[in-house]
Amino acid sequence: MPLNAKALGDALDEDLTLHTTLCRRDAPAFQRATRSSDELVVACTQESRLFTELSQETEGAVSLDVRPIRFVNIRETGGWGREAKQATPKMAALLAAARLPDPEPVPTVTYKSEGRLLIIGPLERAEAMAALVSDALDVTLLATGGSGQQARQYPVIAGELQSLRGWLGAFDVVVSSRNPIDLDLCTRCNACVAACPEGAIGLDYQIDLSRCQSHRACVKACEAVGAINFQRDAQEREEKFDLVLDLRAAPGFTQHALPQGYVHLPPAADALAQVRAVTQLRDLVGEFEKPKFFTYKQKLCAHGRNQTVGCNACVDVCSASAISSDLKRQQIVVNPNLCVGCGTCTTVCPTGAISYAYPRASEQGVKLRTLLATYAKAGGKDAALLLHSQQAGAELVNDLGRLAQLDKTVRGVPARVIPLPLWHTASTGIDLWLTAFAYGASQVWVLMTGEEAPQYFDALREQMAVAESIVQALGYSGQHFKLIEVRDARDLAALDAELAEAPAQGVTKAASFAVQPEKRATLDLAIDHLLHDSATRANRTTDAAIALPAASPLGTLNINRDACTLCLSCVSACPASALQDNAERPQLRFIEKNCVQCGLCATTCPENAIELQPRLLLTEQRRQQRVINEAEPYRCIRCQKPFGTLKGIEAMLGKLTGHSMFQGQALERLKMCGDCRVVDLYTNPNETKISDL
């Protein structure tokens, strides 16, 4: 592939020497580099194992625990393709990003597994799978029919599976047994099978009660052992397991992301799937750790107030069923053991209450700025970021690069397209997309490979529609944000065509702000930069506000002033302090920048007087407090002190006038302030006193 060592060195501020076969003939140059404590980046992922072994075998090499080698692919991602000669800026950007430090450590989630495995399925298949793992795992079978071996090699549970919950090292299984045959007593002598005239007893040693005609010949045949009792009450049995292998056609969990430690191997699974399942299970014994992928700040959460649900986006989108509602505590609950780190909850969260922790948004921001700044420094223009997963997405990008090397009709990854691997493609959202655009990216594309949950596609499309609406209205022409959907190598031609899309119009001046830990703060910085950058664009909207799709985390409120009584229940419900009252006057005030469009105010309002309006206000009024409703105060009929609102008190009087408890003086007392009511109660001679009773 074409390499310009001088241009790369200038962009990276270091002297680079060109090697042709660093993993073979030029290996001594690599070995010399391993003896230095400086950062070591190897632009080859294909031979990463070889380079690692060579470093470990080199005398005087710095330990990999002290100074790890960072590997980056610049070949399939740019060096192989029709535009390889123009890919130097992209190569420089990828090399610069590879030099960045690893993300800061985060708390971990620990799993402990002793290898207690439950296999659910027909006996013959369950026993066959058990034979492959029983030397490493403690196997128990839950029979769902079939014919078992005569030898009792594994404990067998028979009955109906009532519930299956948990994760690696902590699965809870509840089985209900209504069958007359007790498998703990059964000796598998087959006498009952032979004696049953209806053939209702199979070699799983369970009776099909729908076929049984109550001859009880089986009871007589089993008299010596006593394993059959038709009078036995149904029993529930609860067991705990570390691992579960489910051989049934339908999995025991309904969510898209199955819990760790649970393996589903349907009857139609091929041999490769069976090998993978066996290998995976055998390795899941011991203690394991994974990052805690999220952080949660309850005070920012707009999920609920006063038993009323507002924003439910994270609960609805989670593919692992790891997020649940806890309205009593006005929050959500995230189970870190079930969380798989997809980050979609952070993408759809309008407040930033739940944020991605590994890597943090600020660390992703540093990587984005490094990529785009280095690309621009090396002379690159119209950069398009291609966000993809670290495994399936990276494989497709590499496949496209290799195909471009072999098939000259294939374009390959264009010189302006910079692939950026993520733990999960749904882990970034509108704040980082708009930030990347503000940093100088012409476009931001997300490569989806079908491994994602179906609801993730909709969530990302909705968020991208919001981002696209903003930049289009600000005068940036072209399509800036899109999903690219491919499945596997069969779709490489479609991927090649998608990546060949023409550049969209980008910013005039790249932003310099840093991504903040808070999502809303980053979003504000990105929008402010785009507002300033687009100020002189002729095709920028002249409207004061940009209408946005319903999924927008930005917007205002429309108040029906005729219906609103200024009860201010919406103020107490607002989690973002967007709605505020006035201690001096009956007023409802609003700060649009703070509004997250959660809808709590609308669902709380007893008069249904509030309607959400997604939009982006382009004037400075977006940050300023403004009055959206006010009313004439109602004055106490005794002291003239204002309390409540005229509309609110009149509405209350209208509803209570006919009530038996509010007649005569009691009704007049409702027109008084709190102090005067007390005075009137104690001074009114017509009031009955308890001492008179």
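Student: What is the relative accessible area of K377, and how should I read such a value?
Tutor: K377 has a relative accessible area of 48% and is partly exposed, where buried means under 20%, exposed means over 50% and partly exposed is what lies in between, using a 1.4 Å probe and the protein chains only. Before we go on, keep in mind that this is a predicted model, in which local features need pLDDT of at least 70 and side-chain atom pairs count only at pLDDT 80 or more, while totals for chains, interfaces and linings use all residues. Residues are numbered from 1 along each chain as its sequence is written, and side-chain values use heavy atoms, with hydrogens and water left out.

Student: Which residue forms a salt bridge with K377?
Tutor: In a salt bridge, a side-chain nitrogen of Lys or Arg is within 4 Å of a carboxyl oxygen of Asp or Glu. Here the partner of K377 is D13, and the closest N and O atoms are 3.0 Å apart. This pair links distant parts of the chain, 364 residues apart, with K377 in helix α12 (residues 361-377) and D13 in the loop between α1 (5-12) and α2 (27-34). Such helices (H or I, at least four residues) and strands (E, at least two) are DSSP runs, numbered from the N terminus. D13 is exposed, at a relative accessible area of 62%.

Student: How many salt bridges does the structure hold?
Tutor: There are 36 salt bridges in the structure, and a helix can hold both partners, as with D458 and R461, which both lie in α15 (residues 454-473), three residues apart, or about one turn of the helix.

Student: Where do R622 and D528 lie?
Tutor: R622 lies in the loop between β27 (610-617) and β28 (625-630), whereas D528 lies in helix α17 (residues 519-533), and the pair links parts of the chain that are 94 residues apart. Their side chains meet in a salt bridge of 3.0 Å, N to O, in which R622 is buried at 5% relative accessible area and D528 is partly exposed at 27%. Both residues belong to a network of salt bridges that also links D524, K593 and R623.

Student: How much space lies in the largest pocket?
Tutor: Rolling a probe the size of a water molecule over the atoms shows where empty space is left. On a 1 Å grid over the protein atoms alone, a pocket is an open set of points where a 1.4 Å probe fits, with protein on both sides within 12 Å along at least five of seven lines, and lining residues have an atom within 4 Å of a point. In this structure the largest pocket holds about 1400 Å³ of space, and of the 41 residues that line it, the closest to its centre are T17, H19, L22, V41 and A43. The largest share of the lining, four residues, comes from α2.

Student: Which residues have the most contacts inside the largest nonpolar core?
Tutor: A nonpolar core is a set of buried Ala, Val, Leu, Ile, Met, Phe, Trp, Tyr and Cys residues joined through side-chain atoms within 4.5 Å. The largest one has 70 residues, and those with the most contacts inside it are L385, W433, L434, F481 and L530; its largest share, 10 residues, comes from α15. A second, separate core has 41 residues, among them V109, C196, A227 and I228. Returning to L434, and leaving out residues up to four places away in sequence, its contacts (heavy atoms within 4.5 Å) include A467, F481 and L530.

Student: Where is Q597, and what is its phi?
Tutor: Q597 sits in the loop between β26 (587-591) and α19 (600-604), and its phi is positive, about 60 degrees, although it is not a glycine. Q597 is buried, with a relative accessible area of 12%, and P614 of strand β27 touches several residues including Q597, L548 and P549. S214, in the loop between α7 (191-195) and α8 (217-221), likewise has a positive phi, near 65 degrees, but S214 is partly exposed at 45%.

Student: Which residues does a cis peptide bond join?
Tutor: Y358 and P359 are joined by a cis peptide bond, with omega about 0 degrees, and P359 is found in the loop between β18 (354-356) and α12.

Notes. Grid points are joined across faces, edges and corners, and a volume is the space filled by probe spheres set on the points.
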